[in-house]
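This report describes how the parts of one model are arranged, from the fold of a chain to the relation between its copies. Please look over the sequence and the structure before reading on.

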Protein chains: 2
Amino acid sequence: MSKQDVYTHLADHGIKPSMQRVAIMDFLLRNRIHPTVDVIYSSLSAQYPTLSRMTVYNTLRLLVEQGAVQMLTIDDKQAHYDADITLHAHFRCNCCGAIYDVPAQLLSPVVSPHFEVHETQIYYRGLCTKCKQN
Amino acid sequence: MSKQDVYTHLADHGIKPSMQRVAIMDFLLRNRIHPTVDVIYSSLSAQYPTLSRMTVYNTLRLLVEQGAVQMLTIDDKQAHYDADITLHAHFRCNCCGAIYDVPAQLLSPVVSPHFEVHETQIYYRGLCTKCKQN
DNA sequence: TAAAAAATAATAATCATTATAAAAAATGAG
DNA sequence: CTCATTTTTTATAATGATTATTATTTTTTA
């Protein structure tokens, strides 16, 4: 995953690259931790001191609109973001808040002939290994 | 669905009945529209003028904790609530915001031997019939 | 190179939700 | 039944994620 790959990924989704967009997309591609806006902002602040939290919000909205990233609403407090847009489910630990990828069983895409489905999300919640032990 | 059924439903989940709790549970059982806190509060305000929005929040938290109601995070803006706790999925129209019940295909409950799954949610998003026509 | 457009940043505002504390209602012992 | 204790509800204020607004900077283009 080189910087060039990030440019390609953005271009594939019709997004013009800027320093900030590349940095945010790159962070999401390298850190598959389903970060929040604040995690992204805090992580990039050191390297990009002028970065604004607003730019993180704006960029993520753009990335989601263009289908380069998906937003997870598994956490009722704040949105999480995932650069992996292939079919998979998510597990969130109710104790530590960590979100894990889970292979998704294939679902019939036909919800109803009347509804036009654009997006499918499968969420599991419970306790992760670490938190079960404590 | 009589008032008595509401009392039974609450008792089955270890919840002591109060006028407010019965009213909120009753509303959820009769109105399968996946309402928000505000919809519930507004709908009951006429009949219960002293009802506080806080009581709606508190009661819903209790109902969810006791498993009498499930919270939906399909909408990133605000929580929606569903008295139907049987296995089913949800479809949300991105245009009008309405949330519909969708029969759920059975999912293997085994996410990972390491995770203890307490809850499963399946969300679809897209366009409903009405909004497709416009 | 200058004007126009796009993107970013700083600040303030919004709004769902939570925290806190006071008031009211229910419970229970004597 | 009555007073004290606990529980529930209510009112108010605070929090915090997100959005709106507007100024500034950067990029594009003529």
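## Packing of the first two helices

The axes used here are lines fitted to C-alpha atoms, for helices over the stretch in contact, and the angles run from 0 to 180 degrees between N-to-C directions. This is a predicted model, and every value below should be read with that in mind. Two packed helices are described by the angle between their axes and the distance between the axes. In chain A, helix H1 (residues 3-12) packs against helix H2 (residues 19-30) at an angle of about 105°, and their axes lie 10 Å apart. Because angles of 65 to 115 degrees count as roughly perpendicular, H1(A) and H2(A) are described as roughly perpendicular to each other.

On the side of H1(A), the contact is made by Lys3(A), Val6(A), Tyr7(A), His9(A) and Leu10(A), while H2(A) contributes Arg21(A), Val22(A), Met25(A), Asp26(A) and Leu29(A). Sorted by class, the contact between H1(A) and H2(A) has six nonpolar residues, one polar residue and three charged residues.

## The two sides of H1 in chain B

In chain B, helix H1 (residues 3-12) has Val6(B), His9(B) and Leu10(B) as buried residues. They cover an arc of only 95° around the axis, which means that they lie on the same side of H1(B). An α-helix has 3.6 residues a turn, so residues three or four places apart point the same way.

What covers the buried residues of H1(B) includes helix H2 (19-30) and helix H4 (53-65) of chain B. On the other side of H1(B), by contrast, Gln4(B), Ala11(B) and Asp12(B) are exposed. After H1(B) comes Gly14(B), which has a positive phi near 70°.

## Overall make-up of chain A

Chain A holds five helices and five strands, and from the N terminus on its elements run α-α-α-α-β-β-β-β-β-α. Its C-alpha trace spans about 45 × 40 × 25 Å along the principal axes.

Of the 134 residues in chain A, 45% are buried. Among the contacts in chain A with a separation of 6 or more, 48% are accounted for by residues 24 or more positions apart.

## Relation between the two copies

The same surface serves both copies, since 100% of the contact residues of chain B recur in chain A.

Methods:
Residues numbered from 1 in each chain as written. Chains lettered and ligands numbered in written order. Predicted model: local features only at pLDDT ≥ 70, side-chain atom pairs only at ≥ 80, totals over all residues. Heavy atoms only, no water. Helix = DSSP H or I, 4+ residues; strand = E, 2+ residues; numbered from the N terminus. Parallel < 35°, antiparallel > 145°, perpendicular 65-115°, else oblique. Contact = heavy atoms within 4.5 Å. Nonpolar A, V, L, I, M, F, W, Y, C, P; charged D, E, K, R; others polar. Buried < 20%, exposed > 50% of the residue type's maximum accessible area, 1.4 Å probe, protein only. Arc of directions from axis to C-beta.
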